[in-house]
Amino acid sequence: MKKETSKTIRELAYYSSLGLSVALSIFIGLFIGIWLDGKFDTKPVLTMLFLGLGIAAGFRNLLMAAKRSRKL
Amino acid sequence: MEHPYLFFVKLFEAIGLGHFVHGNVHVVYMWVVMAILILLGWLAGKNTQLVPEPVQNVFEVLVSGLEEFMVGITGEEGRWLFPLAASIFLFVFLGNLIGLVPGFFPPTASLNTTAALALVTVVFTHVIGIKYHGAKYYKHFMGPVWWMVPIILPIELIGHAARILSLSFRLFGNMMGHELVLGILFALAGAFFAPLPIMALGIFVALVQAFVFFLLSVMYFTGAMEHAH
């Protein structure tokens, strides 16, 4: 395999996996929040907090990808 | 989705293990994939020669190509990770591909198999991190400044959980969807060879999914070997 082709394939796989990880991060945060709210009986507070953290984690993936693409 | 006729399920029913097999089809077919891989490996390494036989030749091309590709990502220090990464690739690829044979069920179309693979991969990234950075590995989770720790730590933990889920769900979803489409098309218009284009696409999907799994695990390994950002 040529060097250019292997680089293209690598980036294709990396960026195509980015969207799924953003969506999953948000949902993981949301479900941790819902679960903790059920445990501690503090209905909307922890759900909102962990949803925010999940969204932050998802967008951190995008930021990391942007940083990586600038370095390459 | 239970298939109409699975060859190895019938085989296990014949020797009186039907009860076990119906709940664990993917386990049985994982054994089949393992047996095929062991057989191929034995054939390839039986008598290695300077001028290779066909089986040895195929394996040499495959393994050396994968190794070159992987070292291109990790750098020379990551060469010792190759056995794990290559066995992940070979197992996932053969597991995907075996679903195209009539009477066989792809073991990767079950969430149990893919979650096991993803767990092994992600746990091993932390093993690599501890091996390379020792106790300082915790800095990977702490962010650049100390007052940001309460924000960064949960974000990093969620990110690592998302790695496990995205690795396992992607492979499972693709293979499960492929099987489902094949089943539906076969029931609708099997007599007109309707599933045939999807089966041709399935070869491509099997290769791409195995490759993506391999590539992402290698990238996670590389991320664990790097210094904290």
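The model being predicted, local features need pLDDT of at least 70 and side-chain atom pairs count only at pLDDT 80 or more, while totals for chains, interfaces and linings use all residues. Residues are numbered from 1 along each chain as its sequence is written, chains are lettered from A and ligands numbered from 1 in the order written, and side-chain values use heavy atoms, without hydrogens and water.

Salt bridges to begin with. Over all chains there are three, each a side-chain nitrogen of Lys or Arg within 4 Å of a carboxyl oxygen of Asp or Glu. One of them pairs B:Glu156 with A:Arg60, with 2.7 Å between the closest N and O atoms. Helices here are DSSP runs of H or I, at least four residues, numbered from the N terminus.

B:Arg79 meets B:Glu67 at 3.0 Å, N to O, and B:Glu76 at 2.6 Å. These residues, B:Glu67, B:Glu76 and B:Arg79, are linked in a network. B:Arg79 is partly exposed at 30%, as is B:Glu67 at 21%, whereas B:Glu76 is exposed at 54%.

Now the rings. Phe, Tyr and Trp (its six-membered ring) pair if their centres lie within 6.5 Å, with planes under 30 degrees apart stacked, over 60 edge-to-face and the rest tilted. The count is ten aromatic pairs over all chains. Among them is A:Tyr14 with A:Tyr15, edge-to-face, 5.3 Å centre to centre and 65° between the planes. A:Tyr14 is buried at 14%; A:Tyr15 is partly exposed at 32%. In chain B, ring pairs link B:Phe69, B:Phe89, B:Phe93, B:Phe211 and B:Phe214 into a cluster.

Which residues are closest to the centre of the largest pocket? A pocket is an open set of points on a 1 Å grid over the protein atoms alone, where a 1.4 Å probe fits, with protein on both sides within 12 Å along at least five of seven lines; lining residues have an atom within 4 Å of a point. Of 34 lining residues, the closest to the centre are A:Tyr14, A:Met64, A:Arg68, B:Arg163 and B:Gly223. H7(B) gives the largest share of the lining, eight residues.

Terms used: Buried means under 20% relative accessible area, exposed over 50%, partly exposed in between (1.4 Å probe, protein chains only). Helices (H or I, at least four residues) and strands (E, at least two) are DSSP runs, numbered from the N terminus.
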